[in-house]
Structures are given as C-alpha cells and as structure tokens.
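Visitor: I would like a close look at a single part of this model, with the criteria behind each term spelled out. Please take the charged side chains and how they pair.

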Amino acid sequence: MSDKLRLDKWLWHGRFFKTRSLASQVVASGAVRVNKIKVSKRSTLIGPDDVLTFPQADHIRVIRVLALGTRRGPAPEAQALYEDLSPPKPKTQEKAPPNPAYEGKGRPTKKDRRTLDLSRTRSLE
C-alpha cells in the first residue's frame, strides 16, 4: 500500500460522494482545500494527517485523513479512514406544520365532505 492517494479517489473511498466523477467535479471546481491550500487538480496526492475542507450538501466538511483506503467498502470501513472535525449540524430544522383540521382551509376529510354535501342539499330545498 502506498503512502499517497489521489484526492478524488480518496473522497470516493471515504463515501463523501456517490461516484468518483462527482468527487472529481468538486475538486476540479476549486472548492476543496488540502491543509488550507486551495487545490483544483483531481490528481493531487494526499496522505495520512492531511486536513481536507470541502462543501457537501448544505454545509462545509472538515476532515482529517487517518488512513488511505484500498477499496470503496462498506460505510463502517469508510468511516475508519477519517476523523470528522466539522462543527455539528444545527438541529434547529423547522418541522412541517401538522395538517390543519378542515375549517375552510386544507383538504376536508370524507366526513367533512359528507356534512358539507348534506348542508348543500338542505339549503337547496
């Protein structure tokens, strides 16, 4: 096993990106930093104790490389390759409001529709 590995390949082995092509695109866009230095070459070699900073979804990941993988294995094997130094995600995500009861807003239930139909027929008489 060598002491260096391509950056795009390591990001793929570590399961940060679904495909190696996606990992390559992120690196090529210049959004990845290795030890605080911006890199844009996919073939940048990294090794143990390097610190990577890159965007993933809606937050920034800060990762310390602990080991180089030989394959893209299962998630527990991938998690052994790095230490996550990122700040924890904020848990203030807003929950969707519960469905409103039928009071002229939202969709009426079947019982509400029957009551509404019954009141309409009575008003026509």
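Is Arg61 buried or exposed, judged by its relative accessible area?

Guide: Arg61 is buried, because its relative accessible area is 13%, where buried means under 20% relative accessible area, exposed over 50%, and partly exposed in between, computed with a 1.4 Å probe on protein chains only. Before going further, note that this is a predicted model, in which local features need pLDDT of at least 70 and side-chain atom pairs count only at pLDDT 80 or more, while totals for chains, interfaces and linings use all residues. Residues are numbered from 1 along each chain as its sequence is written, and side-chain values use heavy atoms, with hydrogens and water left out.

The partner of Arg61 is Asp84, and the closest N and O atoms of this salt bridge are 3.1 Å apart; a salt bridge here is a side-chain nitrogen of Lys or Arg within 4 Å of a carboxyl oxygen of Asp or Glu. Asp84 lies in strand 7 (residues 82-84) and Arg61 in strand 6 (residues 59-65), so the pair ties together parts that are 23 residues apart in sequence; strands (E, at least two residues) and helices (H or I, at least four) are DSSP runs numbered from the N terminus. Asp84 itself counts as partly exposed, at 40% relative accessibility.

Elsewhere, salt bridges that share partners join Arg6, Asp8 and Arg20 into one network. Asp8 is found in helix 1 (residues 7-13) and is buried, with a relative accessible area of 2%, whereas Arg6 is partly exposed at 31%. Leaving aside neighbours within four places in sequence, Asp8 is in contact (heavy atoms within 4.5 Å) with Arg20, Ala23, Ser24 and Arg42.
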